Amino acid sequence: MKRNHAKLICDIGELSMTCTKSPCLEAFLQQSAELTASHMNSEVCSIYLYFEERQELVLKATKGLKREAVDKVTLKPGEGLTGLALKELRPISVKEASKHPDYKYFPSIGEEKYESFLAVPILRGHNRIGVIVVQNSKRNFFTDDDINTLRAITSQLANTIETVKVLMSIERKEKEEAEPDVDFTAMKFFKGRSGSVGVAEGKAAALQSKQQYFLCDQCLEQAKSYTLEDFYHAVSLTESELDRLQKQVEEKLADVASLIFTAQVLMLKDRSFIDAIVQRVKKGINPPLAVKQIVHEYTHRFQSLENAYLREKAHDVQDVGISLLENLIGSAAHQYDYSDRIVVAREVFPSDMLKLSSLGVKGLILLTGGITSHIAILARSLEIPLVFIDDFRLLKLSRRHFILLDADNGNIYIDPEQKVLDAFREKHPKQDFEMLAKLVKPSTHTADGARVIIQANINLLCDLKTARAFKAEGIGLYRSEFPFIVRPDFPTEEEQFVIYEKLVKGLPGQEITFRTLDIGGDKVLSYYEYEKEENPFLGMRSIRFSLQHKDIFRQQLRAILRAGAGADLRIMFPMISSVDEFIEARQELFDCIRELKQQGKPCHDLPKVGMMVELPSVVELINEFAGAADFFSIGTNDFIQYMLAVDRTNEKVAYLYLPHHPAVLRSLKKVADAVIGHGKEIAVCGDMAYDERYLEFFIGIGIRKFSVDSHLVPRTQQLVEKISVPAAEKLAFEWLRENKVADLSRRVEGNQEQN
Ligand code: PEP
Ligand code: MG
């Protein structure tokens, strides 16, 4: 029969273009195989993909051979005629395959009767993507013309198939990671790094990757048949669930959470979204599959939008899809119930954190360092113990495993023995909030009577309640970026004013220290189009962003000044690198005061103006800064990062992130001496402030003011009460004499044991 090669090439081209619309990757490959077989008039056409990391060709689609063979037949490069085509990067055409020495016969796939064999490698440049094979039972069936045609086809398909392959690799990787095949009876202890202190125990829940859920068709194909009524029921269940969650979050997190679930609610109200699913169901598609297909389509549409904020909405589409499927399939629902669970996840976004918190998660294990620093800060405010660990095996934990999470020390125990559990519970009795609140004293003194002030770091307004209960002596750091990070757009001056007023009224009569917007680096705004930066931590961060976007900066300053009218108001600027920058920022503040006064708006007209000490450049210029600013707060988290050039969110270099590095300690001393010498105020507000290993050193170099997460106030007070100033000064003197990290590490450990 004459073969219509031109038509085939044309159809394949079309097929490539429609690939993105295909419901799944397997379907696309299968269609390609069928189309090729039909046009080549061959009885068999099979597509093998080559997976480089495994050095393996895998049969992924076939017309003519048994379908069960898909994914089962695998070959190494050079193995059999197919492997030979890949290894030698040339077509292999054989007239009588069974007689060929390289022919590799696979029993039970139905291949034995096909004698004519033609394999063409699928290549893109030098990349080996796979092999396409056509077979026919007639001997000597394929001509030179066929070889050229198949070559042309493969070169047209190569690009698309390569994309399919990448997606399949992701799917496979995710499946591998999710399957519970790690022997946790032999591996019962994992050591990570504390992100948010506290202890928790509960069953595990690996956060399912949304991508995996939507790439995997199996569970949906195997699902029983559902009706249109079932689907509508799932929609209304999902709506009421979202409504309940939204209310919960609003109550608890009024400042940041107003719109967290709204995008999802809107999706369910979008007629075209729901109708698209309904239409498919009416055409006979089982509702779970229809949901998946439409969610897939919508996700794709969102992901291809230019605007970053809208692109992010793809997550919401997927979340809605998952909720709908859970409510439809029912049995799968428990898989997404996180209440009282210790959740293991690759990474989470701030909005996910709020969701997890409202879903009642007890603890969190995060496997990557990405976007971690404000995730850790959020976790602390939400009082979710958090451990960071760079070990993907933990994703294989199943929901049966019980976890004991000691986030104070970064320890993860899997299915601990009863005696371990008992000992742990005895050592960490449940902290009774009321008891602690009663025990904490209104003012703090060292063992020998020196006065120390302990203030609260406030990230979310919900921290205020704890700060009040634990008698924090003011707010030493309000991280004003949180309402900006979690909301869907820049909050207006009025919106900020409402939040800031609550903050000021939350601790009446106390010092309130606002830090102006500190975004960039790892704290990104989803709605803001950042220009791509190679090194975001060294880029348009923090005060640099504010000085580049003075309209946003001034709105914030005006809101702070208005909310702070009549209060003991302090305003500080983050990440200041030069005196000029400080003066420029302060000038904006003065201009805002003048403007507000002209407009007759009540405001604070003489706030204390300070700065964070976070950059090494400040150390060298500290005397000049001390002449200019009213007060200083050392942000040790960034100070260490920039002093040692160690990304604070990168797990791979976490071992180099050393608060006790001699350069860090000596710089801190230098800063403290200069500021105190100028009679200005100095405080520490980074994580070192509540670390039992370093508190004594700070007292030793003359620092008497600390700002810590509000729930850590009692603990910090207890630590201070054990310290005496002469001993602290001696310790600081000895530490400052050391030149080597190793010697200081020993001293620091020794200090911890004593505590
Ligand atoms: C710091 O850098 O220590 C600090 C307190 O600021 P943040 O952690 O918010 O960057
Ligand atoms: Mg900082």
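## Overall picture

Of the 755 residues of the protein, 56% count as buried, and the model described here is a predicted one. The chain is built from 29 helices and 23 strands. Among contacts between residues with a separation of 6 or more, 68% join residues 24 or more positions apart.

The protein exposes about 32,500 Å² of surface, and carbon and sulfur atoms supply 52% of that area.

## Helix α7

Helix α7 covers residues 228-252, and because its 25 residues should span 36 Å at 1.5 Å a residue, the 37 Å between its end C-alpha atoms agrees with that expectation.

Several residues of α7 are buried, namely Leu228, Phe231, Ala234, Val235, Thr238, Leu242, Leu245, Gln246 and Val249. An α-helix has 3.6 residues a turn, so residues three or four places apart point the same way.

Glu614 counts as buried because its relative accessibility is 2%, where the cut-off for buried is under 20% relative accessible area. Asp638, with a relative accessible area of 2%, is buried as well.

Conventions
Residues are numbered from 1 along each chain as its sequence is written. Chains are lettered from A and ligands numbered from 1 in the order in which they are written. This is a predicted model: local features need pLDDT of at least 70, side-chain atom pairs count only at pLDDT 80 or more; totals for chains, interfaces and linings use all residues. Side-chain values use heavy atoms; hydrogens and water are left out. Helices (H or I, at least four residues) and strands (E, at least two) are DSSP runs, numbered from the N terminus. The expected span of a helix is 1.5 Å times one less than its number of residues. Buried means under 20% relative accessible area, exposed over 50%, partly exposed in between (1.4 Å probe, protein chains only). Contact means heavy atoms within 4.5 Å. Accessible areas come from the Shrake-Rupley method with a 1.4 Å probe; for residues, only the protein chains shown count as cover.
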